[in-house]
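User: I would like to learn how to read a protein model. Can we go through one together, feature by feature?
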Amino acid sequence: VFGGPSNEYEVSCCSAAALINTIDKEQYNIICVGITQNGTWLQTEMNYKDIETSKWTNNKSNKRILRR
């Protein structure tokens, strides 16, 4: 879970991106849930670069989980 409606949004996205980039994907099934800056929760399958740069929020394949 990363992002969220706070001043730490960018830090959270960068931390999640670093984890996604380094975690052993053979050993773990990664499910990314991001929270947009307006508070919408989305499940996304974006790569770490898109999460790091906030491009993940515009992905049409995101699945809305919760809306604020």
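User: Let me start with one side chain. Is Trp56 buried or exposed?

Analyst: One thing before that: this is a predicted model. Now the residue. Buried means under 20% relative accessible area. Trp56 has 0% relative accessibility, so Trp56 counts as buried.

User: Which aromatic pair does a search of the whole structure find?

Analyst: The search finds one aromatic pair. Its members are Phe2 and Trp56. Look at the angle between the ring planes: over 60 degrees counts as edge-to-face. Here the planes are 75° apart, so the pair is edge-to-face. The ring centres are 5.1 Å apart.

User: Where in the chain do Phe2 and Trp56 lie?

Analyst: They come from distant parts of the chain, 54 residues apart. Phe2 belongs to strand β1, residues 2-3. Trp56 is in the loop between α2 (48-52) and β4 (63-66). Phe2 has 2% relative accessibility, so Phe2 counts as buried too.

User: Now the sheet. What is the order of its strands?

Analyst: Start with the general idea. Strands of a sheet pair through backbone hydrogen bonds, either parallel or antiparallel. In this model, four strands form an open sheet with mixed pairing, in the order β1-β2-β3-β4. β1 and β4 are the edge strands, and each pairs on one side only.

User: How many bridges join β1 to β2, and how many join β2 to β3?

Analyst: Two bridges join β1 to β2, and these strands run parallel. Four bridges join β2 to β3, which run antiparallel. Follow Gly34 across the sheet. Phe2 stands opposite Gly34, and Leu42 is the bridge partner of Gly34 in β3. β3 and β4 are antiparallel as well, with three bridges. There, Gln43 stands opposite Lys63.

User: What covers the faces of β2?

Analyst: I can tell you that both faces of strand β2 (residues 32-35) are covered. Cys32 and Gly34 are buried on one side, Val33 and Ile35 on the other.

Technical notes
Residues are numbered from 1 along each chain as its sequence is written. This is a predicted model: local features need pLDDT of at least 70, side-chain atom pairs count only at pLDDT 80 or more; totals for chains, interfaces and linings use all residues. Side-chain values use heavy atoms; hydrogens and water are left out. Rings of Phe, Tyr and Trp (its six-membered ring) pair if their centres lie within 6.5 Å; planes under 30 degrees apart count as stacked, over 60 as edge-to-face and the rest as tilted. Buried means under 20% relative accessible area, exposed over 50%, partly exposed in between (1.4 Å probe, protein chains only). Two strands pair if DSSP finds at least two bridges between them.
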